[in-house]
Amino acid sequence: FCRYGQMRKNYDIRGNKTMIIHFIVNIICCFALLISGYYMRFHAPKDKEMKMGLRNGHSQSSMEAWKFANETCGKYWLIFAGIALVLNVISFLVYAYVSESWSEMINIFATLSNIGVFCSSTAVTRELQNKFDEKGIPKE
């Protein structure tokens, strides 16, 4: 709703192509992260080479650590990418039908959710350090 309590009569969202391109790129990133998170959570490779997944020294120390790291990171990616997807859709709807200024705020929240996805590897590494020793054996 605009200043006067009426819905914006101008539904022409073609005027600001930057916002539409930003929305499309965010949606593509969200779906890519959702697919990657699903893959890591449920279908991470179980062979010794461990070519795809969360690869760091702690996660590759044992198969148990590898499984834990990928399941945990995949869970985080699914959560953060889902939140980012919902916020992006809300942002676009607000931009298209209500007000441009509010959509920018919601888009900032969606961007913060995307940053959370990329920071998840640090959180998983900390959890690995707390749960496993250097050789990948679970701590008691």
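I began with Leu-54: leaving out residues up to four places away in sequence, Leu-54 touches Met-40, Ser-59, Trp-66, Ala-69, Asn-70, Cys-73, Ser-121 and Val-124. By contact I mean heavy atoms within 4.5 Å.

A note on what I am reading: this is a predicted model, where local features need pLDDT of at least 70 and side-chain atom pairs count only at pLDDT 80 or more, while totals for chains, interfaces and linings use all residues. Residues are numbered from 1 along each chain as its sequence is written, and side-chain values use heavy atoms, with hydrogens and water left out.

**Entry: the overall plan.** I looked up the elements and found three helices and zero strands. Read from the N terminus, their order is α-α-α. Helices (H or I, at least four residues) and strands (E, at least two) are DSSP runs, numbered from the N terminus. I also checked the contacts with a separation of 6 or more, and 66% of them join residues 24 or more positions apart.

**Entry: surface and burial.** The protein exposes about 9,100 Å², and carbon and sulfur atoms supply 64% of that. These areas come from the Shrake-Rupley method with a 1.4 Å probe, and for residues only the protein chains shown count as cover. Of the 140 residues, 36% are buried. Buried means under 20% relative accessible area, exposed means over 50%, and partly exposed is in between (1.4 Å probe, protein chains only).

**Entry: the core.** Which residues have the most contacts inside the largest nonpolar core? I found Leu-54, Cys-73, Trp-77, Val-124 and Leu-128, in a core of 20 residues. The elements that give two or more residues to this core are helix H1 (17-43), H2 and H3. H2 gives the most, with nine residues. Such a core is a set of buried Ala, Val, Leu, Ile, Met, Phe, Trp, Tyr and Cys residues joined through side-chain atoms within 4.5 Å.

Entry: Asn-70 sits in helix H2. Asn-70 counts as buried because its relative accessible area is 1%. Apart from residues up to four places away in sequence, Asn-70 touches Met-40, Arg-41, Ala-44, Gly-53 and Leu-54. Next I turned to Ser-120, in helix H3 (residues 100-131). Ser-120 has a relative accessible area of 2%, so Ser-120 is buried too.

**Entry: aromatic rings.** I found two aromatic pairs in the structure. One of them is Tyr-38 with Phe-42, a tilted pair at 5.0 Å centre to centre and 50 degrees between the planes. Rings of Phe, Tyr and Trp (its six-membered ring) pair if their centres lie within 6.5 Å; planes under 30 degrees apart count as stacked, over 60 as edge-to-face and the rest as tilted. Why are Tyr-38 and Phe-42 separated by about one helical turn? Because they are four residues apart in helix H1. Tyr-38 is partly exposed at 44% relative accessible area, and Phe-42 is partly exposed at 45%.

**Entry: a surface patch.** Val-89, Leu-93 and Tyr-97 form a nonpolar patch on the surface, with about 250 Å² of accessible area together. Patches are made of residues with over 30% relative accessible area and no salt bridge, with like charges joined within 9 Å and nonpolar side chains (Val, Leu, Ile, Met, Phe, Trp, Tyr) within 5 Å. A salt bridge is a side-chain nitrogen of Lys or Arg within 4 Å of a carboxyl oxygen of Asp or Glu. Leu-93 belongs to helix H2 (residues 63-97), and Leu-93 counts as partly exposed at 43% relative accessibility.
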